[in-house]
Amino acid sequence: MILAVVLIVVAALSLALILRIAIVGSLQVRKGESVAKNIQPIDVEAFRNLVSPSEREYLRRHLTPAQFRVVQRLRLRATAAYVQEVARNAAVLIHIGQAALATTDPLTQQAARELVSQALLVRRNAALALIRIYVTLALPTATLEAAGILANYERLSGSAMLLGRLQNPSTPVRLSAQ
Amino acid sequence: MLQAHSILWHYLWLAPNLLQLVLAAFLARRGFHREFPIFTLYLAAGGIEDLVLYAMDILPAVTWQAYWTASCVGLVIFALFKILVFGELFSHLVRSWPSIAKLGNRLISAVGALLLLLATVAAAYAPIENPQHAIISREHILEQSVYIIQSGIILFLFLFAAYFRLRLGQRIFGTLLGFGVLSCQHLAAWAITANGLMFNHRYLLDFFDMASYHICILIWFYYLLVPEKAAISSQVRLPGHNLEIWNQELERLLHP
């Protein structure tokens, strides 16, 4: 009886989730250009400081263990916020890149393909980085390696810039706030 | 009306399967089978299998043991067939994007293994109602197991595409949506049946199952046969940065 009820609830929730994804997905395709407004610039330097092992070592040496844990938790939360923003930007760029794939211009199409491919990589790495950050939040003295996502994000900015220039030569494109 | 062997019952068993065969023929004529060979074959074979079961159900010469044995064998074969169909849809989804294909393959394998484990645990707890007709209970439990795995994989495919913002395309979207609606409804219905609930009103669940299958076929008809709208190439302007707002947000995060 309990098993049946659990399975019925799971089935109902799964159906609701599938329908929600289907409806939201259809609406996003219709939104078109407006999604580009959702891009938030990322302060790459600040992000780099947050994930820098030397900064971390400096703090470890100059703070008491209790203070270090508190500071490290704050830094990790900030890092998580950055990573989430990077993931959101990547999602917008995937949307834009997939829309640009329909173009007849081979150069733009190639740039769009490159952009989507790199944005997917960034989104994948962002998910993995977030998992790692939340694990490290539980153990703040453990090391965090988020440098890979930063490198990917910088490459992604370059691809977005290329696609933006090919589509709108007069419009400056910038994802990173230096 | 809502009884076995009523006109509605015959319609709901026959019509979706005949429509499925018609759909398979239409798709083969349009060359769909070159892109999705496993799914096209599944449509044709699935329609024939259900019509064979229908004939076995109404023919007096066929014993109930023979019917339920055939049903169990068909269920196992088509469960494996559907796994291949989902694999085909998934490979179409990620084939253009190698950066996530490897992760996707690993994830879908892990999700499949986890679902198989859950289905086995759920099957272990399901009762055998009448030992003299154990094969019927076993068939119900098998149905429950198949739909636990099937609905889980469909949900994973939707979540994977949604997380990576992948455009499914009309055909893959329609195929997955049809399977999704069917699998979730069937999971709920077979969970009730396999766990011995609504014993005297199971015919209602049969009607519910057949009706949802009909809806699934109609969804496939719409998404697979209606021409896909041409994608509009939009001149998207990427915005410039807004450092001030971003820094305010960071300040808020760093010094709450």
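1. The core. In the largest nonpolar core, which holds 89 residues, Ala90(A), Leu157(B), Leu176(B) and Leu187(B) touch the most other members. Helix α7(B) gives the most to this core, with 15 residues. It should be kept in mind throughout that the model is predicted.

2. Leu176(B) is among the core residues that touch the most other members. Leaving aside residues up to four places away in sequence, Leu176(B) touches Leu89(B), Ile154(B), Leu157(B), Phe158(B) and Leu168(B).

3. Chain A in outline. Chain A contains 6 helices and 0 strands, and its pattern along the sequence is α-α-α-α-α-α. The chain has 178 residues, of which 38% count as buried. Among its contacts with a separation of 6 or more, 76% are accounted for by residues 24 or more positions apart.

4. Chain B in outline. In chain B there are 9 helices and 0 strands, giving the pattern α-α-α-α-α-α-α-α-α along the sequence. Of its 256 residues, 34% count as buried. For contacts between residues at least 6 apart in sequence, 73% join residues at least 24 apart.

5. The length of helix α4 of chain B. Does the extent of this helix agree or disagree with its number of residues? Helix α4(B) covers residues 64-94, which is 31 residues, and at 1.5 Å a residue it should span 45 Å. The expected span is taken as 1.5 Å times one less than the number of residues. The end C-alpha atoms of α4(B) are 45 Å apart, and the two values therefore agree.

6. A helix pair between the chains. Two packed helices are described by the angle between their axes and the distance between the axes. Helix α5 of chain A, residues 106-138, packs with α5(B) at an angle of about 40°, and their axes are 8 Å apart. Because of this angle, α5(A) is oblique to α5(B). The contact involves Ser117(A), Leu120(A), Leu121(A) and Arg124(A) from α5(A), together with Ser99(B), Ile100(B) and Leu103(B) from α5(B). By type, the residues of this contact divide into 4 nonpolar, 2 polar and 1 charged.

7. Backbone angles to inspect. Most residues other than glycine have a negative phi. His5(B) is not a glycine, yet its phi is positive, at about 65°. The residue lies in the segment before α1 (7-29) of chain B. Is His5(B) buried or exposed? A residue with 12 or fewer other C-beta atoms within 10 Å counts as exposed; His5(B) has 9 and is therefore exposed.

8. A second such residue. Met198(B), also not a glycine, has a positive phi of about 50°. Met198(B) is placed in the loop between α7 and α8 (202-225) of chain B. With 14 C-beta neighbours inside 10 Å, Met198(B) counts as partly exposed.

Technical notes. Residues are numbered from 1 along each chain as its sequence is written. Chains are lettered from A and ligands numbered from 1 in the order in which they are written. This is a predicted model: local features need pLDDT of at least 70, side-chain atom pairs count only at pLDDT 80 or more; totals for chains, interfaces and linings use all residues. Helices (H or I, at least four residues) and strands (E, at least two) are DSSP runs, numbered from the N terminus. A residue is buried if 20 or more other C-beta atoms lie within 10 Å of its own, exposed if 12 or fewer, and partly exposed in between; C-beta atoms are placed from the backbone. Two residues are in contact if their C-beta atoms, placed from the backbone, lie within 7 Å. A nonpolar core is a set of buried Ala, Val, Leu, Ile, Met, Phe, Trp, Tyr and Cys residues joined through C-beta atoms within 7 Å. Axes are lines fitted to C-alpha atoms, for helices over the stretch in contact, and angles run from 0 to 180 degrees between N-to-C directions. Angles under 35 degrees count as roughly parallel, over 145 as roughly antiparallel, 65 to 115 as roughly perpendicular and the rest as oblique. Ala, Val, Leu, Ile, Met, Phe, Trp, Tyr, Cys and Pro count as nonpolar, Asp, Glu, Lys and Arg as charged, and the others, Gly among them, as polar.
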